[in-house]
Every structure is written in C-alpha cells, then in structure tokens.
Amino acid sequence: MNKPLALKLAPESLKDVLGQEHLIGKGKILTNLVKNKKLFSMILYGPPGIGKTSIANALVHDLDVRYRMLNATINTKKDLDIVIEEAKMYGEIVLIMDEIHRLNKDKQDILLPQLESGLITLIGMTTSNPYHSINPAIRSRCQLFELHELEQDDIIKGLKKAIKHPDLEGIKIDDKSIKLIAKLSGNDLRFAYNLLEISYYSTDDKKVTEEVVKSINSKPVFFSDKNGDGHYDVLSGLQKSIRGSDVNASLHYLARLVTEGDLESIYRRLSVIAYEDIGLANPAIGPRLDAAINAAERTGLPEARIPLGTIVTEMALSPKSNTAHIAFDEALADIEKGNTGNLPNHLKNIPDSGYKYPHDYPGAFVKQQYLPDKIKDKKYYQPKDIGYEKNIKEIYERLEKLKK
C-alpha cells in the first residue's frame, strides 16, 4: 500500500516531534519519562494534526517497549481481548488507543482491571475534552496531557523537512508557497503535508507555486468539531468574550460558529447571554436580539452574518449585570433546601383575608408582608449601579425605605 507522505514523515523519536515544548525538551515531563525509562497511562488531547499519534509512537519507540494500536470506534472487544492475552504472555504491553472518548462500556469493563493491575499501560488520544467525554473511571487511571496548537513556524519547519523526502524528488518550491501552505493548514501539520504532496503530484514539472496551491485549496481550514466538545468550547468562548466586553474576541468566535453554519446554536447561546450576562443593565437587549435573530432567519446565510455581527458587537459593548438571575437562583436554592414557610394569610386565595390592594393607595404602594414569616427579611436581589439598572436600583432602594 502506498503510504501518504504524512505517515512516512511521522517521527520515531520525541526529539523529532514539532512543537509541544511544554511537554517535550530538556527537563520536560515526557522527555524525562523516556530518560528514566518509565511510562504511565496517559491521555493526549487536542485538535487534529498537532502530534498526538506522533508523540505516542515516539514514546514507545524511544522506550523500546512492546505495543499495539487500536481505535475505540473500529476495533472490537475481541481485538481488545487479543491485546490482553498478549500482555499476559509477555508480562505487560502498551496500548495506544485512538478516539478513546468513544470507548463503550463493554470495552471499558474489560480494560479497567488491566489498567488497575498495570498489565496494560494506556496511551489514549482524543480531539475531545477528556474532562467531559471520557469515563471518569478511565480518566482517574490516566495522566491528562493537553497538546497545544502548532505555530505557523512549526508547520513551516515541518514542510521544509518534508521537501527533502525522496517521495518529493526534484520538487521546486519557494518560501512564499511554503508559507501559503502553512497558512492554509490551520496549524494542522498532517493537512499541510497532504496539501504539499498533492500539490507536487498535480504538476507536470514538479514546480509547486502559490497558484498551484490555491487551485487545490484556497481557504484556510480550522478545527470546528461541530458535533463534539470543540463546538461547545467555541460557544463558551463566545459567551465569556461577550461577558468580558471583548468585542474583537466576541466577533472572532461568532465568525467560527457562522462558518460552521449552526445558526440554531448561536441563537440559543446569545439568548442566554442577553439575560444571564447583560440582564437589567440593558433590558432592551432581549427584544433587540430577537429582532436580529428574526432578520438572520429571514435572510439566511451568508447575509445572516450581518444582523448577527451587529447584535454581538452591541452585546459585547453593553453594560453587564447578572443580578436578576443570581437572585432567582438563590430563591430556587431556598426551595430546594426547604427554606420556605407558609404564605401569609392575606396572600392566600380566600375571601376577607385582609389583603390590601396596592392600586387603592398613593403610588400603588402599601406596606404589607409578602414573604412567609420564616424568610420575611430575605433579600435575594442585590442591584448594581450600572446601565439601566441604576434606575431600578433607585426604585428598589426607595421601596425598601418605605417598607421600614
């Protein structure tokens, strides 16, 4: 089988791995594990094409240990049983498992005792967030190592090494074309290698130019993981950026989500932000957001980006207050704790209860107790002196004084 160039360039030693300086290099943890000839079960996680498989392979080659590779999605219980039997035969084995977050319960039940006994040392790999997606029993038996996105300089370094490979004999390529491939790769080294290889074989003179590269791929790729944890990370980034009033970051994360085309997720998250993070500081933002969502729905993509970009800019720059939802959460917490008590009699739906109808009094206000006796002095709402809420705070404080 003709292996892709990316596979042929896979490093066989940690010293050949690009990037990940926080884990690899002098005095770093993975390098020290090799130096001390010791390996522990671990999970490597991060976006595609940044070196998870390369690091796993480099570790087992540097340590010269017996290993097997499985994929949690493709391989069966029988495959796992074979690995366990081999481990029993030789005393131990390293299992490299891709897509570890997709390991089903049956396979987990088989694997867990072997991890516990040390018969199998696991190197799991995933693009998902292991804190959300991996069974806690597996996770607790592994060290978690997050791999960082590669820098463009790392991709360029890898490409310059790749053009010396025998498979690309006679290639002619300048620095501008190499930089373009690196830019289009979205920091995915595997994608960069694949783009370089197809560019080479798509020419009749082995000359790879910017025009050749653009004819194959003209748009940068990025890791969106629309149906996985990466998608929810971007939604989280959008909310936290709006909450933090960083309009540029807010627009960046919105752009990622719009590129995915998942407008429903955008609508839901922005609706939460409008009431959770902006709230009473700018109550008009809710109706304004609804108007923007309606406009986006009517126009559809790509025009939907216009009302969405406008409202996200406004939301990011709006004053923020979370007082209303915090107050309500405290009220809910009291209910859950049983901290309630009986309604005052004059609030019950009974005749001649003694209830005073506020509209019969000046300013539609009359002093009477509304909370149960048990929590009659409870204060859930703590107003902020910001945006429109300044006005609400003044009304609230005036009413509190009248009660006294």
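## Pocket, patch and backbone features

Asp-352 is exposed, at 81% relative accessibility (buried is under 20% relative accessible area, exposed over 50%, partly exposed in between, with a 1.4 Å probe and protein chains only). This is a predicted model, in which local features need pLDDT of at least 70, side-chain atom pairs count only at pLDDT 80 or more, and totals for chains, interfaces and linings use all residues. Residues are numbered from 1 along each chain as its sequence is written, and side-chain values use heavy atoms, without hydrogens and water.

Asp-352 sits in the loop between helix 17 and helix 18. Helices (H or I, at least four residues) and strands (E, at least two) are DSSP runs, numbered from the N terminus. Phi of Asp-352 is positive, near 50 degrees. Lys-37 also has a positive phi, near 55 degrees, and is not a glycine.

Another backbone feature is a cis peptide bond between Leu-301 and Pro-302, with omega about 10 degrees. Pro-302 belongs to the loop between helix 15 (285-299) and helix 16 (305-317).

Now the surface. Tyr-355, Tyr-357 and Tyr-370 make up a nonpolar patch with about 330 Å² of accessible area together. Patches take residues with over 30% relative accessible area and no salt bridge; nonpolar side chains (Val, Leu, Ile, Met, Phe, Trp, Tyr) are joined within 5 Å, like charges within 9 Å. A salt bridge is a side-chain nitrogen of Lys or Arg within 4 Å of a carboxyl oxygen of Asp or Glu. Areas follow the Shrake-Rupley method with a 1.4 Å probe; for residues, only the protein chains shown count as cover. Tyr-357 lies between helix 17 (323-337) and helix 18 (389-403), in the loop. Tyr-357 is partly exposed, at 44% relative accessible area.

The largest pocket holds about 910 Å³ of space. On a 1 Å grid over the protein atoms alone, a pocket is an open set of points where a 1.4 Å probe fits, with protein on both sides within 12 Å along at least five of seven lines; lining residues have an atom within 4 Å of a point. The lining has 37 residues, and Ala-6, Ala-10, Pro-11, Thr-53 and Ser-54 lie nearest the centre. Elements giving two or more residues include helix 1 (5-8), helix 3 (52-63) and strand 2 (67-71). Helix 3 gives the most, with 5 residues.

Notes
Grid points are joined across faces, edges and corners, and a volume is the space filled by probe spheres set on the points.
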